[in-house]
Amino acid sequence: MGNQLSTRKKYQQEKSSSKSFSSQTDSSHVSTICQPKLPIEYIFPLNDAEVTRLHGQHYLFKHLFQGNYFAPIEPILKNDSKVLDVGCGPHAIWLIDMAIDFPECQFYGFDVAEPICLNEVEKLHKPDNCFIERADVFDGFSYEPNTFDFVHQRLMYNVYPHDKIPWMLQEMLRVTKPNGWIELVEPDLNPKRAGPLFTTLMKAVNQLVQSRLGKPFQGKDLVNHMVEAGLREIKSDYGSLPCCWGGYIGKLMYEDLLIVFQHYGPHIHEYLDPGSEFDREKYETMIDTAFDECAEYQTFINIRWAYGKKVVSSAA
């Protein structure tokens, strides 16, 4: 049955910083990181809770999949090989973790969020083979063709409009070397074994994503997108993350989802209770009840990965 989590024991700072979830430009809640320069539609504010979430999320995925990647890239991650992480996040956690593991390889990442302001301790731990910059993915990838041996992207389901997905994959192909690999990791947006309240919350999130982007870019569609882009030797599978049950991994998933739903609250309210004003306290009670329901129903979410090779014909 796994261990049910106490959803009543929240981080104290979340109660005292609720304003940060309604305004991503409120600098009073950005203490240890750079002042963000994000588009208005960027839902997740760069505050301490979000930085903590991104750290926890990385190790949640690493624990689930027992590693940081799936493509057969070990033979090529040496000498002067190069890796790109698209949408690496302000903390570039995956990128730094990989750069430590493969010191002979060069790792590049970019994100629309401002890179973190590293303090002296963090600077000591940032590998010299890791390069991070601020850039908007929709400006095009600022790299020469055939630059990278491996291109990685994770959790961009709430970024790409549906009609931009083919363009995104073509940009990835453009900067990937012949016989290089492209890897994508995305969730399925419909949870499994979900109770009625958690289903309502997830449906509201999906409605918000669809209203902004059209058909979501999600896990179950990765292989089809890769086939249409012309990738070859495609492989895919998934792992299941328990929500608020299942011991340690369920606890990490709970902590991630808690902050996600708090971020989303003001934005999905119109789908939950149209015509009324957003009530933070009422909404957090709803989240508590939904998480208790997850433990009862043993709800889980599938996270899918897929990778493929850029194959260039001899006639090209």
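Tutor: Rings of Phe, Tyr and Trp, the last by its six-membered ring, pair if their centres lie within 6.5 Å. The model is predicted, and by this rule the count comes to 21 aromatic pairs. One aromatic cluster is formed by Tyr108, Phe110, Phe131, Phe138, Phe141, Tyr143, Phe148, Tyr160, Trp167 and Phe217.

Take Phe138 as the place to look. Phe138 and Tyr160 make an edge-to-face pair, with 5.9 Å from centre to centre and 85° between the planes. Phe138 belongs to the loop between β3 (130–134) and β4 (148–154), and Tyr160 to the loop between β4 and α5 (165–175), so this pair ties together parts that are 22 residues apart in sequence. Phe138 has a relative accessible area of 32% and is partly exposed, whereas Tyr160 is buried, at 0% relative accessibility.

Phe138 also pairs with Trp167: the ring centres are 6.3 Å apart and the planes meet at 25°, so this pair is stacked. Planes under 30 degrees apart count as stacked. Trp167 lies in helix α5 and Phe138 in the loop between β3 and β4, so the pair ties together parts that are 29 residues apart in sequence. Trp167 is partly exposed, at 27% relative accessible area.

Trp167 has a charged neighbour as well: Lys164 lies over its face, 5.1 Å from the ring centre. Another charge over a ring is that of Arg304, whose charged end sits over Tyr238 at 4.9 Å from the ring centre.

Technical notes:
Residues are numbered from 1 along each chain as its sequence is written. This is a predicted model: local features need pLDDT of at least 70, side-chain atom pairs count only at pLDDT 80 or more; totals for chains, interfaces and linings use all residues. Side-chain values use heavy atoms; hydrogens and water are left out. Rings of Phe, Tyr and Trp (its six-membered ring) pair if their centres lie within 6.5 Å; planes under 30 degrees apart count as stacked, over 60 as edge-to-face and the rest as tilted. Helices (H or I, at least four residues) and strands (E, at least two) are DSSP runs, numbered from the N terminus. Buried means under 20% relative accessible area, exposed over 50%, partly exposed in between (1.4 Å probe, protein chains only). A charge sits over a ring if NZ of Lys or CZ of Arg is within 6 Å of the ring centre and within 35 degrees of the ring normal.
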